[in-house]
Amino acid sequence: MREQVGRALADFLGRQRAVLAGIDPDLLPGLDVAGRLLAGGKRLRPAFCYWGWRAAGGPDAAADGRILTAAAALELLHVSALVHDDVMDRSDTRRGQPAVHSVFAARHAAGGWRGSADSFGTGAAILLGDLLLAWTGELLRASGLPAAALRRGQAVLDAMCTEMIAGQYLDLLGQAAGPGTVESALAVVRYKSAKYTVERPLLLGAALAPAVTGATGNTAETGHRVAAACSAYGIPLGVAFQLRDDVLGVFGDPAETGKPVIGDLREGKRTVLVAMARDRADTAQASILDRHLGQPQLDEAAAAQVRAVLTGTGALAACEQLIRDSVREALAALTAAPFTDEAKTALAALAATATDRMS
């Protein structure tokens with residue numbers, strides 16, 4: 001599946017290369033940067049999309065490979081979000097490479113061009129992220145799936161984009177407005193990551209599957225049951241996925257994550273982990289969090305103090321417990337889901353892949 005998704009993306013970018021070259025060859029470096037980012041990643045969203053398709057009765061990719069082209073569109077959406085996220089968070093690296101805005105800032109500086117290199121890099125990254133977002137729907141339509149299936153899928157994709165951008169803004173707001181609650185942090189998790197990582201890809205695959213329209217004898221009621229089961233499994237698993245990401249953002253190995261673990265602390269991310277620590281902190285511990293979180297020049301010694309608070313308050317242990325509880329909730333929903341046995345087995349394995357990870 002990963003190989004076929006990669007081929008679909010490479011073919012699509014090859015077609016876009018001809019389009020951009022016809023406008024101006026100066027556009028091609030941006031395409032090359034996008035291509036490098038799209039070559040990596042875990043392909044989780046296409047995987048969930050494919051197994052949503054199979055759960056709803058869609059045939060194996062060997063019988064209908066169009067679903068993997070449609071699923072590959074989610075990688076364009078994901079990388080679009082990463083490019084914009086790195087601009088907002090001022091992150092210098094992504095997947096072990098310079099972030100897009102850093103690449104273009106360096107290009108500006110090397111060329112001795114006029115104006116601010118940083119402003120140029122930021123502007124170029126925003127535009128590239130916008131282009132990838134626009135291309136998401138284009139690749140979905142290019143899958144060759146029937147028009148009725150694409151209409152159903154587009155409605156899911158539209159909701160997915162709205163929720164993702166809403167979650168990004170809530171994240172931005174939380175960092176600017178100051179300490180939030182565990183509940184507000186969980187709301188950001190649900191909309192910025194959980195729904196668009198697991199639930200919506202599953203729903204997209206299910207919407208694209210021919211069984212949704214009754215082509216294989218399934219009723220509309222069964223389609224609704226499949227969609228409800230996708231949500232019951234997808235939302236808690238998506239929450240667990242993001243909570244694991246937040247833990248790795250502070251305690252992970254940079255060689256595995258591709259990002260410096262000090263970055264989330266410098267950005268002052270208002271994660272569930274941080275919110276839990278604030279709820280449990282005594283005066284001295286709260287002072288450490290207030291003093292160091294969000295400091296752009298935070299060094300490793302200060303980061304170690306913050307990690308000690310996250311551990312000492314019991315926030316890390318509580319976050320790990322919430323991850324386990326969320327995975328159990330997802331697997332329980334999977335057991336009762338009206339999915340094929342093959343889909344249930346694959347989705348149980350994906351639950352482990354999404355949460356038992358080092359990057």
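Keep in mind as you read that the model is predicted.

Let's start with how helices pack. Two packed helices are described by the angle between their axes and the distance between the axes. Take helix 3, which covers residues 44-55, and helix 16, which covers residues 341-355: their axes come within 9 Å and cross at roughly 160°. Helix 3 is therefore roughly antiparallel to helix 16, because an angle over 145 degrees counts as roughly antiparallel. The crossing of these two helices, helix 3 and helix 16, is left-handed.

Which residues make this contact? On the side of helix 3 they are Leu-44, Ala-47, Phe-48, Trp-51, Arg-54 and Ala-55, and helix 16 brings Glu-342, Ala-343, Ala-346, Leu-347, Leu-350, Thr-353 and Ala-354. Sorted by class, the contact of helix 3 with helix 16 has 10 nonpolar residues, one polar residue and two charged ones.

In one of them, Tyr-50 and Trp-51 sit edge-to-face, with 5.1 Å from centre to centre and 75° between the planes. Tyr-50 has a relative accessibility of 6%, so this residue counts as buried. Trp-51 is buried too, with a relative accessible area of 15%, because buried means under 20%.

Now look at Trp-113 and Phe-120. Their ring centres are 5.4 Å apart and their planes are at 80°, so this pair is edge-to-face. Are these two residues buried or partly exposed? Trp-113 counts as partly exposed at 40% relative accessibility, and Phe-120 counts as partly exposed at 32%. Together with Phe-104, Trp-113 and Phe-120 form one aromatic cluster.

Next, find Ser-80, which lies in helix 4, residues 66-89. Its relative accessibility is 2%, so Ser-80 counts as buried. What is Ser-80 in contact with, leaving aside its neighbours within four places in sequence? The contacts are Gly-129, Leu-132 and Leu-133.

Helix 9 (residues 220-251) and helix 15 (residues 315-336) have axes that come within 8 Å and cross at roughly 155°. That angle makes helix 9 roughly antiparallel to helix 15. Helix 9 passes helix 15 in a left-handed crossing. Among the residues that make the contact are Tyr-233, Pro-236, Leu-237 and Phe-251 of helix 9, and Cys-319, Ile-323, Ser-326 and Leu-334 of helix 15. By class, the contact of helix 9 with helix 15 has 17 nonpolar, one polar and three charged residues.

Both of these helices, helix 9 and helix 15, come up again at our last stop, helix 12. Helix 12 spans residues 272-280 and is mostly covered, as seven of its nine residues are buried. Those buried residues are Val-272, Leu-273, Val-274, Ala-275, Met-276, Ala-277 and Arg-278. What covers them? The cover includes helix 8 (182-208), helix 9, helix 13 (283-292), helix 14 (300-312) and helix 15.

Methods. Residues numbered from 1 in each chain as written. Predicted model: local features only at pLDDT ≥ 70, side-chain atom pairs only at ≥ 80, totals over all residues. Heavy atoms only, no water. Axes fitted to C-alpha atoms, helices over the stretch in contact; angles between N-to-C directions. Helix = DSSP H or I, 4+ residues; strand = E, 2+ residues; numbered from the N terminus. Parallel < 35°, antiparallel > 145°, perpendicular 65-115°, else oblique. Left-handed = near helix turned anticlockwise from the far one by under 90°. Contact = heavy atoms within 4.5 Å. Nonpolar A, V, L, I, M, F, W, Y, C, P; charged D, E, K, R; others polar. Phe/Tyr/Trp six-rings, centres within 6.5 Å; stacked < 30°, edge-to-face > 60°. Buried < 20%, exposed > 50% of the residue type's maximum accessible area, 1.4 Å probe, protein only.
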